Amino acid sequence: MDNMTVVYADIMILTSTAMLFASYLTAALIHNIGIRVARILVISFILSVISTIVILYLGFMANPVTAVLLLSAGTALCFGKMTLKKNITYSLTALASAILAGGVRLAIGSFPWVIPVTLMYIGIFIFIKQIRSAAIQHQRLCPIILYRGDTKVSLTALIDTGNELSYRGERVIIAEKKAVAPLYENPGEDLRLIPYKSIGNNTGVLIGIKCDGAWIDNIKKDTVIVAAVDTSLGRGVYNALIDPETEVI
């Protein structure tokens with residue numbers, strides 16, 4: 001009896017919730033994903049309850065594979081529908097931050113290591129943020145000229161691999177509404193209702209318009225579709241988003 005270890009489920013759940021919350025929040029910050037903190041907290045708590053049940057009552061399932069599957073499921077629940085590649089990327093980021101946080105927690109048991117390990121964690125986090133900021137600053141921009149009838153507008157577009165918006169198999173250029181407003185005058189039969197999904201919104205619709213053509217990075221394209229959004233995209237640096245496939249096709 002003296003060697004018996006007492007495990008408190010509520011402590012495990014709270015500790016696991018805090019760890020998962022910090023991990024998913026870190027992933028959201030690093031990858032610049034807009035998400036409500038309350039959503040991350042709720043999902044972290046649910047996953048913590050499940051993992052605690054697995055550890056305490058289903059010990060045969062407590063293995064690295066189960067842990068990875070739970071982490072991946074949590075990523076999908078936190079950040080919404082995404083490609084497998086993005087799920088893996090976000091999950092690995094969350095896992096890396098969890099490992100770092102776990103190192104800090106273990107270091108607390110040995111006081112001399114608390115400060116250096118904590119500083120290392122902060123340093124790595126800042127380093128990752130700096131790399132991401134530098135990558136954003138060096139992302140490629142390209143000029144776009146859209147024309148419809150006698151109307152012509154010029155845009156500066158960010159080549160965004162995350163822009164997967166399409167209409168009937170054709171990639172769609174996303175642009176700030178004020179920048180492409182002239183194209184929407186006298187739309188006739190050229191208007192297009194383009195369904196889309198985003199985090200927290202599974203039934204969105206954008207109003208697009210078919211243009212007679214475009215010059216994209218000095219390459220002529222025929223009959224492109226542009227969708228207008230009300231938000232500011234690039235804070236004055238760029239005012240449109242374009243998929244790499246749209247640029248080269």
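The legends below describe close-up views of a predicted model of one protein chain.

**View 1**
Of the 249 residues in the protein chain, 35% are buried. The accessible surface comes to about 15400 Å². Carbon and sulfur atoms account for 64% of that surface. Take the contacts between residues at least 6 apart in sequence: 65% of them join residues at least 24 apart.

Among the elements of the chain, helix H6 has the highest mean pLDDT, 92. Helix H7 (residues 244-248) has the lowest, 59. Over residues 106-111 pLDDT stays under 50. For that stretch the model has four contacts beyond four places in sequence. Where pLDDT is low, the predicted coordinates should not be read in detail.

**View 1. Strand S4 and its pairing partners S3, S9 and S10.**
Strand S4 covers residues 170-176. Five of its seven residues are buried, so the rest of the structure largely encloses S4. Strand S9 (residues 225-229) pairs with S4 in the parallel sense, over five bridges. Strand S10 (residues 240-242) runs antiparallel to S4 and is joined to it by two bridges. Ala175 has Ala228 as its bridge partner in S9. In S10, Ala175 stands opposite Ala240.

**View 2. The hairpin of S3 and S4.**
Strand S3 (residues 166-167) is antiparallel to S4, with two bridges between them. Ser166 has Arg171 as its bridge partner in S4. Two residues separate the strands of the hairpin. Arg168, in the turn, has a positive phi of about 55°.

**View 3. The salt bridge between Asp243 and Arg171.**
The side chains meet at 3.7 Å, N to O. Asp243 sits in the loop between S10 and H7, and Arg171 in strand S4, so named partners 72 residues apart are linked. Asp243 is buried at 5% relative accessibility. Arg171 is partly exposed at 25%.

**View 4. The salt bridge between Arg148 and Asp190.**
A search of the whole structure finds four salt bridges. In this one, the side chains of Arg148 and Asp190 meet at 3.1 Å, N to O. The pair links distant parts of the chain, 42 residues apart. Arg148 belongs to strand S1 (residues 141-148), and Asp190 to the loop between H6 and S5. Arg148 is buried, with 11% relative accessibility. Asp190 is buried too, with a relative accessible area of 18%.

**View 5. The salt bridge between Asp230 and Lys177.**
The N to O distance is 3.9 Å. Asp230 lies in the loop between S9 and S10 and Lys177 in helix H6, so the pair ties together parts 53 residues apart in sequence. Asp230 is exposed, at 69% relative accessibility. Lys177 counts as partly exposed, at 49%.

**View 6. Ala181 and Ala228.**
Ala181 lies in the loop between helix H6 (177-180) and strand S5 (191-198). Its relative accessibility is 36%, which counts as partly exposed. Ala181 and Ala228 are 47 residues apart in sequence. In space they are 8.1 Å apart, C-alpha to C-alpha.

**View 7. A nonpolar patch on the surface.**
Leu84, Ile88, Leu92, Leu95 and Ile99 form the patch. Together they have about 510 Å² of accessible area. Leu92 lies in helix H4 (residues 84-107). Leu92 is exposed, with a relative accessible area of 52%.

Terms used
Residues are numbered from 1 along each chain as its sequence is written. This is a predicted model: local features need pLDDT of at least 70, side-chain atom pairs count only at pLDDT 80 or more; totals for chains, interfaces and linings use all residues. Side-chain values use heavy atoms; hydrogens and water are left out. Buried means under 20% relative accessible area, exposed over 50%, partly exposed in between (1.4 Å probe, protein chains only). Contact means heavy atoms within 4.5 Å. Accessible areas come from the Shrake-Rupley method with a 1.4 Å probe; for residues, only the protein chains shown count as cover. Helices (H or I, at least four residues) and strands (E, at least two) are DSSP runs, numbered from the N terminus. Two strands pair if DSSP finds at least two bridges between them. Patches are made of residues with over 30% relative accessible area and no salt bridge: like charges are joined within 9 Å, nonpolar side chains (Val, Leu, Ile, Met, Phe, Trp, Tyr) within 5 Å. pLDDT is the predictor's confidence in each residue, from 0 to 100.
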